[in-house]
Amino acid sequence: MTCLTFEEWGQYERGFRRGPDGWSYEVTLYPRAQLRELVKACWLNADDRDQAVEQLRRALAEYVPEALRGPEVEVVHRPSTTTVPRIGWTQCLPAAGLETWEDVHLAEKDLALHDLATVAEGQPDGLGYASTVSARTVALFRSHGLAAQACAGCGMAVSDRHPHWPGVWAAMEHEFGPTCDRSLLGRPESEQRVGHVVEEADARPAQELTGQEPTVVCQNCGVRVSDQHPDWPGTWAEAGRHSDPVCAVVGLIGGDDAGEYDLLDCVYPHVPEGVDSPAAAAIAAAKEARYFRRH
């Protein structure tokens, strides 16, 4: 039996497990923020996702600063309730003598694992939350054979194999998805949204519609969209001045298991009536589960 908790410096899973040597109390810390997004993006980018799990385990073990490494802290792959693997750092204590929750809290407070919480967001120097993933971390993950990619325009971890955005560079972060703010290139964000790029040379200014493109209505948010926008060829994007490919139907952002580790926290694309979309089934399921605020 285990339970998840979301605390100021980390997402933890705590519980009792039975192993060859009897029962133990286990505390597991999972990556957060941009480090979690990089883990998800690398797994999506992998040709062999089973092998990627082992590569991610090794990368996260090396990611730990040398001063915090020790045999008592392991990197483990735990069962997940979603499609995304759950990988984190864990430390165990013998269950003998732990008779009350007060005993558990006192035994746990000095675990070396807690020292990792300041780097679990993706900043090994403990700088706290940022949406970018550092070049050093990307290089580390690549050294373990992972297809780690970060956008040259905004620094977010990206994948072009997201099930809702096939062939489009998309971040896992729930507010941005396939759109880039070009902040690393010193360019102000435009009302017209532009896509992520993995090479700086591919970053171009936003373009405009001619006004002659055929449009249809998105079945979920009701805006007029076109698949002929020069910035989003083949992708349904709003046909107005914003040219945004992200559907305006807002979903509930939860702090539960699915909200933190599944891909639902990545924004959805527009889907016109009668159009086949890789996201159509996921959107239908989200509506059924009352994920969308409008339903």
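## Strand E5 and its partners

In this predicted model, Glu74 has Thr90 of strand E5 as its bridge partner. That bridge belongs to the pairing of strand E4 (residues 74-78) with E5, where five bridges join the two strands and the direction is antiparallel.

Of the nine residues of E5, seven are buried, so the strand is largely enclosed by the rest of the structure. Trp89 itself counts as buried, at 1% relative accessibility.

## Arg78 in strand E4

Arg78 lies in strand E4. Is this arginine buried or exposed? Arg78 is buried, because its relative accessible area of 16% falls under the 20% limit for that class.

The side chain of Arg78 makes a polar contact with the side chain of Glu26, at 2.4 Å. If neighbours within four places in sequence are left aside, Arg78 is in contact with Glu13, Arg17, Glu26, Tyr30 and Arg86.

## Aromatic pairs

A pair of aromatic rings is described by the distance of the centres and the angle of the planes. The structure has two aromatic pairs. One of them is formed by Phe16 and Tyr25, with 5.2 Å from centre to centre and 50° between the planes, and this pair is tilted. Phe16 is partly exposed, with a relative accessible area of 24%, whereas Tyr25 is buried, with a relative accessible area of 2%.

Tyr63 and Trp89 also pair: their ring centres are 6.4 Å apart and their planes stand at 25°, so this pair is stacked. What does this pair tie together? Tyr63 is in helix H2 (residues 49-63) and Trp89 is in strand E5 (residues 86-94), so the pair links parts that are 26 residues apart in sequence. Tyr63 is buried, with a relative accessible area of 5%, and Trp89 is buried as well, at 1%.

## Another charge over a ring

Arg49 lies over the face of Trp43, at 4.7 Å from the ring centre.

## Cysteines without disulfides

How many disulfides does the structure hold? The count is zero. Cys151 is in no disulfide, and the nearest cysteine sulfur, in Cys180, is 3.7 Å away. Cys151 is buried, with a relative accessible area of 3%.

Cys218 gives another example. The closest cysteine sulfur to that of Cys218 is in Cys221, at 3.7 Å, which is too far for a bond, because a disulfide needs the two sulfur atoms within 2.5 Å. Cys218 counts as buried, at 2% relative accessibility.

## A three-stranded sheet

Strands E10, E11 and E12 form an open sheet in the order E10-E11-E12, with antiparallel pairing. Which strands lie at the edges? They are strand E10 (216-217) and strand E12 (237-238), each of which pairs on one side only.

E10 is joined to strand E11 (residues 224-226) by two bridges, and these strands run antiparallel. In this pairing, Val217 has Arg224 of E11 as its bridge partner.

## Residues with positive phi

Ala33 is a residue other than glycine with a positive phi, near 50°. Ala33 lies in helix H1 (residues 33-45) and is buried, with a relative accessible area of 10%.

Arg182 likewise has a positive phi, near 60°, and is not a glycine. Arg182 lies in the loop between strand E8 (179-180) and strand E9 (194-195). Although in a loop, Arg182 is buried, with a relative accessible area of 6%.

## The chain as a whole

The chain contains six helices and twelve strands. Of its 295 residues, 48% count as buried. Among contacts between residues at least 6 apart in sequence, 59% join residues at least 24 apart.

How values were computed: Residues are numbered from 1 along each chain as its sequence is written. This is a predicted model: local features need pLDDT of at least 70, side-chain atom pairs count only at pLDDT 80 or more; totals for chains, interfaces and linings use all residues. Side-chain values use heavy atoms; hydrogens and water are left out. Rings of Phe, Tyr and Trp (its six-membered ring) pair if their centres lie within 6.5 Å; planes under 30 degrees apart count as stacked, over 60 as edge-to-face and the rest as tilted. Buried means under 20% relative accessible area, exposed over 50%, partly exposed in between (1.4 Å probe, protein chains only). Helices (H or I, at least four residues) and strands (E, at least two) are DSSP runs, numbered from the N terminus. A charge sits over a ring if NZ of Lys or CZ of Arg is within 6 Å of the ring centre and within 35 degrees of the ring normal. Two strands pair if DSSP finds at least two bridges between them. A polar contact is a pair of N or O atoms within 3.5 Å; within protein, one must be able to donate a hydrogen and the other to accept it, and residues adjacent in sequence count only if both atoms are side-chain atoms. Contact means heavy atoms within 4.5 Å.
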